[in-house]
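Student: Could you take me closely through one part of this protein, the aromatic rings and how they are paired? Please give the criteria behind each term as you go.

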Amino acid sequence: MGSAAAKGHSLAFFAPDEEGEWSELRVAGTGYAVLTREFWTARQRQAANLHEVSYRACYKPQLPRLFIEKLTQAGELVYDPFAGRGTTAVEAALLGRRVASNDISPLSRVLAAPRLEPPDPEAVARRLERIPSGGAGSDGVDLSMFYHPDTEAELRALRAWLLEREADGLDDGVDRWIRMVATNRLTGHSPGFFSVYTLPPNQAASAAKQRVINQKRGQTPPYRNTRELILKKTLQLLKGLTGPERANLLDAAGSARFLTRDARRTPELEDGSVALTVTSPPFLDVVQYAGDNWLRCWFNGLDALAVADGITMSRKLDAWVAVMTEVFRELHRVTRPGGHVAFEVGEIQRGTLRLEEAVLPMGTAAGFAGLGVLVNRQAFTKTAHIWGVDNNAAGTNSNRIVIFRKR
Ligand SMILES: C[S@@+](CC[C@H](N)C(=O)[O-])C[C@H]1O[C@@H](n2cnc3c(N)ncnc32)[C@H](O)[C@@H]1O
């Protein structure tokens with residue numbers, strides 16, 4: 001597609017300075033515009049620290065920000081049906097939009113919702129003082145390969161306290177914040193985590209694998225002060241948060257919806273209510289959610305296998321298409337006329353499988369107009385590399401986003 005044709009095209013407002021390369025993708029006889037450029041650059045402002053919560057295959061906040069800023073107004077509803085750590089919801093709330101967030105894994109809500117109500121660090125410190133640091137006993141799950149006995153006692157006491165407060169209906173925003181931070185500090189590869197050196201925090205090793213890691217490295221779990229680490233991470237997450245951003249978050253929290261449903265059926269969302277969906281679906285068999293999340297599930301009193309059961313992990317494209325076709329029908333129902341869907345498909349199987357070719361027909365069959373595909377060309381600066389780490393590990397190395405509009 002020449003630049004003259006591109007100028008009049010429906011994706012042209014994503015290249016106002018005319019930077020970027022235009023091409024055409026033909027799918028089942030229809031031509032779609034493809035715009036490739038570096039959409040989020042070092043020149044743009046950095047993402048808020050509040051996003052610094054790790055999750056497998058999460059995307060960078062700059063991705064939802066691009067679409068939220070271009071395609072919505074303040075106060076409009078932004079949705080993510082496969083929310084993960086809640087990148088879309090947190091970014092939309094920071095930008096003064098209303099939010100709806102869904103993920104079949106209950107861990108998503110644990111990680112996302114508390115960040116819409118960031119507490120005063122003093123309140124977190126006072127609460128931590130009230131929580132017992134031992135005496136919870138064991139539940140038969142052996143965690144000795146990850147934790148020093150004193151750290152494990154603190155962790156078990158914290159877990160028991162949080163679960164009891166929740167069961168009694170006494171938990172508040174400060175408890176939920178502490179739970180979110182602790183869930184993120186469970187395991188990792190630096191002294192900032194509760195555990196001895198292990199895999200990165202979004203990928204818990206099995207007990208057997210951790211024993212092997214310990215043996216190979218000749219390590220035994222050192223003591224880690226869980227309260228100090230929770231406070232430290234709290235301060236990091238809140239660093240740089242401005243007054244207006246805090247006000248936007250609280251506004252969004254007032255009406256935010258966090259659902260734990262299969263994305264194909266979300267009856268809580270009203271017809272025609274969503275201005276913009278920004279999402280990245282589970283890719284074909286790339287991520288092992290049950291194995292990766294067993295310790296996070298344990299800490300939150302969730303059954304990891306039951307959680308994993310509902311998660312879409314199709315190995316075959318046909319099965320994936322069948323699920324996503326239904327998801328698109330549901331997205332069409334909830335989207336308002338003139339509203340948009342930005343559906344990230346990554347680049348899988350080293351670029352040999354182009355999911356956009358499967359996604360464009362699904363969206364159009366559901367009633368959307370396919371506007372085209374944006375490809376973010378990542379410049380591998382040091383920072384970009386850090387941002388891209390999760391996606392690279394999962395086998396994707398560029399962002400490919402299919403855009404639809406409801407007629
Ligand atoms: C690629 S991740 C999304 C990551 C997210 N963009 C972020 O930044 O954290 C896909 C998510 O889809 C969820 N999921 C898988 N199958 C689902 C389904 N059928 N309905 C709803 N959520 C599902 C998984 O639990 C996972 O959190």
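Tutor: What follows is a close look at the aromatic pairs around one phenylalanine. The model is predicted, with local features requiring pLDDT of at least 70 and side-chain atom pairs counted only at pLDDT 80 or more, while totals for chains, interfaces and linings use all residues. Residues are numbered from 1 along each chain as its sequence is written, and side-chain values use heavy atoms, with hydrogens and water left out.

The structure holds nine aromatic pairs, where rings of Phe, Tyr and Trp (its six-membered ring) pair if their centres lie within 6.5 Å, and planes under 30 degrees apart count as stacked, over 60 as edge-to-face and the rest as tilted. In one of them, the ring centres of Phe 328 and Phe 343 are 4.8 Å apart and the planes stand at 45 degrees, so this pair is tilted. Because Phe 328 belongs to helix H14 (residues 317-334) and Phe 343 to strand S7 (residues 335-344), the pair ties together parts 15 residues apart in sequence; helices (H or I, at least four residues) and strands (E, at least two) are DSSP runs, numbered from the N terminus.

Phe 328 also pairs with Phe 404, edge-to-face, at 5.2 Å centre to centre and with 70 degrees between the planes. Since Phe 404 lies in strand S9 (residues 399-406) and Phe 328 in helix H14, this pair ties together parts that are 76 residues apart in sequence. Both Phe 328 and Phe 343 are buried, as are both Phe 328 and Phe 404, buried meaning under 20% relative accessible area (1.4 Å probe, protein chains only), with exposed over 50% and partly exposed in between. Together with Phe 368, the residues Phe 328, Phe 343 and Phe 404 form one aromatic cluster.
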